[in-house]
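Keep the sequence and the 3D view open while reading.

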Amino acid sequence: MTFETTRRALHGVAELLLAGPQFDRSGTIRLRITPGGFGTVAEPDLWVEGDQLVTNGVRLPLKGTCEDLAAAAGLRVRTLNDVYHDGSGVTPGEELDVDPQAARLIADAFAAGDRALREFAPDQTPVLWPEHFDLGIAVDEVNYGISPGDRHITEPYAYVGPWRQRTGSFWNTTFGAARPLAQLDSIAGFFADGRAAAAKD
C-alpha cells in the first residue's frame, strides 16, 4: 500500500504543482525526467527529487497538501480537469503520503526508462505525461514507454502500445504489450522486440 499511496501522491504533485502551474504560465503540460525524480520543461522551474519539491533553491518535504506546498513555494495549485478527463484523482486539499524508499523506486524506474527510450530512439525526447503519469514517445504510430504502475500492473512496467490493435503472442494487454521492469534484462530490447512485432503482426 505504501508504494501505491506514494505513486498516487507523486502523480498528484506532478499534475497540481508542476504541470498545472506550467500550463498556466508556459502553455504546456509536458514534464521531463530529472536526477532523482521529474520536473517541468518550462517556467516555473520546479522539480521533485525523491520526497522533496525543489524550487528557487528551496527544498520542501512532500508533506501536507498540495495547497500547503503551493503556498510555501509561491505557487497557485492548478488542476488540469479542463485539459483532460483522467488523472490521479488527487485534490488540492488531500493529505499527501510519500514514502522516501517508494519514491526512490519510482524515480529509478523513470530514470531507467528515460535511458532506454533514448537508446531505442535517439531522435526522440521522452515526455512524462501528467495525465497517466507515464513516460513515453511515439514512433511510427506506436507508443513506447514506462509506467510506475497502475490498474493494469501494480509495479513499474514497460509498454508498447500500437495505435492500431495487433494480434500475436507478443501482445498481452488490451492496449498492446506490457512487461514488469523486474522481468526485463533490457528495456530497450523489449522496445525493439515491440517494434519488430508491430511491423509483422
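A residue counts as buried under 20% relative accessible area, as exposed over 50%, and as partly exposed in between. By that scale E94, with a relative accessible area of 23%, is partly exposed. The model is predicted. A search of the whole structure turns up 8 salt bridges. The structure also holds 1 cavity of 30 Å³ or more, and its largest pocket has a volume of about 830 Å³.

**Salt bridge between E94 and R8**

- E94 pairs with R8 in a salt bridge, and their closest N and O atoms are 2.9 Å apart.
- This pair links distant parts of the chain, 86 residues apart.
- E94 sits in the loop between α2 (66-73) and α3 (100-120), while R8 belongs to helix α1 (residues 2-26).
- R8 has 35% relative accessibility, so R8 counts as partly exposed.

**Salt bridges around R78**

- D24 and R78 form a salt bridge through their side chains, at 3.0 Å from N to O.
- This pair too links distant parts of the chain: D24 is in helix α1 and R78 is in the loop between α2 and α3, 54 residues apart.
- R78 also meets D82 in a salt bridge, at 2.6 Å from N to O.
- A network of salt bridges links D24, R76, R78 and D82.
- Which of these residues are buried, and which are exposed? R78 is buried because its relative accessibility is 13%, under the 20% limit.
- D24 is partly exposed at 40%.
- D82 is exposed because its relative accessible area is 56%, over the 50% limit.

**Helix α3**

- How far apart are the end C-alpha atoms of α3? They are 30 Å apart.
- That agrees with expectation, because 21 residues at 1.5 Å a residue should span 30 Å.
- The expected span is 1.5 Å times one less than the number of residues.
- D99 caps the N-terminal end of α3.
- In this cap, a side-chain oxygen of D99 lies 3.1 Å from the backbone nitrogen of Q101.
- Buried residues of α3 include A102, A103, I106, A107, A109 and F110.
- Further along α3, G113, D114, A116, L117 and F120 are buried as well.

**The largest cavity**

- Rolling a probe the size of a water molecule over the atoms shows where empty space is left.
- The largest cavity holds about 40 Å³ of space.
- Its lining consists of L10, G36, G37, F38, V48, G50, A103, I106, A107 and F110.
- Two elements give two or more residues to this lining: β2 (37-40) and α3.
- Which element supplies the largest share of the lining? It is α3, with 4 residues.
- By class, the lining of the largest cavity has 7 nonpolar and 3 polar residues, and no charged ones.

**The largest pocket**

- The largest pocket, at about 830 Å³, is lined by 27 residues.
- Nearest its centre lie H132, F133, S147, D150 and Y157.
- Elements that give two or more residues to the lining of the largest pocket are α1, β7 (134-138), β8 (142-147) and β9 (157-162).
- How does this lining divide by class? It has 9 nonpolar, 10 polar and 8 charged residues.

**The second largest pocket**

- About 180 Å³ of space lies in the second largest pocket.
- The second largest pocket has 13 lining residues, and E15, T79, N81, G89 and V90 are the closest to its centre.
- Its lining divides into 4 nonpolar, 7 polar and 2 charged residues.

**Q183**

- Q183 is in the loop between β10 (177-180) and α4 (187-200).
- Is Q183 buried or exposed? Q183 is exposed, because its relative accessible area is 59%, over the 50% limit.
- Q183 and Y159 are 24 residues apart in sequence.
- In space, the C-alpha atoms of Q183 and Y159 are 13 Å apart.

Terms used: Residues are numbered from 1 along each chain as its sequence is written. This is a predicted model: local features need pLDDT of at least 70, side-chain atom pairs count only at pLDDT 80 or more; totals for chains, interfaces and linings use all residues. Side-chain values use heavy atoms; hydrogens and water are left out. A salt bridge is a side-chain nitrogen of Lys or Arg within 4 Å of a carboxyl oxygen of Asp or Glu. Buried means under 20% relative accessible area, exposed over 50%, partly exposed in between (1.4 Å probe, protein chains only). A polar contact is a pair of N or O atoms within 3.5 Å; within protein, one must be able to donate a hydrogen and the other to accept it, and residues adjacent in sequence count only if both atoms are side-chain atoms. On a 1 Å grid over the protein atoms alone, a cavity is a set of points where a 1.4 Å probe fits but cannot get out, and a pocket is an open set with protein on both sides within 12 Å along at least five of seven lines; lining residues have an atom within 4 Å of a point. Grid points are joined across faces, edges and corners, and a volume is the space filled by probe spheres set on the points. Ala, Val, Leu, Ile, Met, Phe, Trp, Tyr, Cys and Pro count as nonpolar, Asp, Glu, Lys and Arg as charged, and the others, Gly among them, as polar.
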